[in-house]
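Here are some friendly notes to read alongside the model. Please have your viewer open and follow the points in order.

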Amino acid sequence: MTEPGTHAIGSGPRIRPNAGSEAPMAHAIGREIIRAGLADREFIDRATQGFEEYRQLVEPWTVSLAVKVTGVPATVIRELAQAYARGEPFRAFDGTEHDEDRALINLSLLTGHGHTDRERRTPFHLVRHAPPVDLTDEEYPVRLTQGLRLDSHNARLHKGGSASSLRRAECVELSPEDAERYGVVVGEQVRVATRRGSTTAPVWVDPALRPGVAFMTGRPPDGVDANRCSLRASCPVAGVVEFEAAAIRIEKMPVVAIRN
């Protein structure tokens with residue numbers, strides 16, 4: 001599960017940008033640091049390369065644009081820029097998105113925090129923002145990501161060995177906030193609807209997920225292939241399919257009355 005998670009600066013509150021918008025938020029923070037004169041130009045000139053290209057990359061990411069893309073308030077973005085420039089690092093991450101990591105490395109290069117003198121200069125990463133192909137909206141407000149769980153890589157399971165305690169049937173994993181929003185509980189069957197089809201699956205609540213993000217492995221219990229309900233997204237770095245994503249809505253199943 002590699003869906004990016006929440007961020008925080010120092011001991012402040014957790015910041016939850018919209019799914020897939022962590023790199024744009026980092027770009028907006030970088031732009032604010034540069035425009036406020038808080039970049040460590042001595043370190044940049046001595047130990048980095050590609051700063052001018054990076055400055056041009058982040059220049060369009062104004063605070064007002066970042067607010068629309070990330071959902072993070074303007075005052076918070078400016079506070080994050082000031083705090084990061086003072087040396088307060090991002091306190092927490094949930095996830096390992098490659099572009100997100102590269103965008104945050106740029107902030108450390110911009111401020112000189114966490115870097116030591118090296119014989120070779122460290123380049124800024126030119127991380128381009130590629131919004132999800134299947135955008136969420138009021139009708140389909142949740143971002144579904146698909147991938148493999150840890151038990152899918154268990155060699156003993158593939159060879160017919162003993163069952164793993166980590167293994168469980170396919171389900172749709174929701175954040176606690178979304179489970180409450182839709183009025184569903186663990187084990188309850190729901191319909192997962194996309195613009196191209198739907199499937200059913202029981203609910204699992206995962207506190208590590210952010211509101212607006214769901215996860216499935218793509219092997220629904222009713223035999224419907226969820227892969228046909230999602231769109232493949234390409235990794236701009238490796239040039240290969242990295243994950244599958246779709247905009248979905250969660251529908252409660254009707255209660256069937258049992259007649260005596």
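Which elements do the buried residues of H3 pack against? Point 2 comes back to this, after a word on conventions.

1. This is a predicted model, in which local features need pLDDT of at least 70 and side-chain atom pairs count only at pLDDT 80 or more, while totals for chains, interfaces and linings use all residues. Residues are numbered from 1 along each chain as its sequence is written, and side-chain values use heavy atoms, with hydrogens and water left out. Helices (H or I, at least four residues) and strands (E, at least two) are DSSP runs, numbered from the N terminus.

2. The buried residues of H3 pack against H1, H2, strand E1 (48-49) and H6. Here, buried means under 20% relative accessible area, exposed over 50%, and partly exposed in between, with a 1.4 Å probe and protein chains only. The residues concerned are Phe-51, Tyr-54, Leu-57 and Val-58. Viewed down the axis of H3, they fall within an arc of 115°, so they line one face of the helix; the arc is taken from the directions from the helix axis to the C-beta atoms.

3. Next, the nonpolar cores, each a set of buried Ala, Val, Leu, Ile, Met, Phe, Trp, Tyr and Cys residues joined through side-chain atoms within 4.5 Å. The largest has 29 residues, and Ile-29, Ile-33, Tyr-54, Ile-77, Leu-107, Leu-110 and Phe-124 touch the most other members. Two or more residues each come from helices H1 (22-35), H2 (41-47), H3 (51-58), H4 (63-70), H5 (74-85) and H6 (98-111). H1 gives the largest share, 6 residues. A second, separate core of 16 residues includes Val-142, Val-172, Val-190 and Ala-214.

4. Phe-124 deserves a look. Leaving aside neighbours within four places in sequence, Phe-124 is in contact (heavy atoms within 4.5 Å) with residues including Ile-44, Phe-51, Tyr-54, Leu-109 and Leu-110. Ser-108 lies in helix H6 and is buried, at a relative accessible area of 10%. Ser-108 and Phe-124 are 16 residues apart in sequence and 9.8 Å apart in space, C-alpha to C-alpha.

5. Then there is Glu-32, in helix H1. Glu-32 is buried, with a relative accessible area of 17%. Not counting residues up to four places away in sequence, Glu-32 touches Val-63, Arg-78 and Ala-81.
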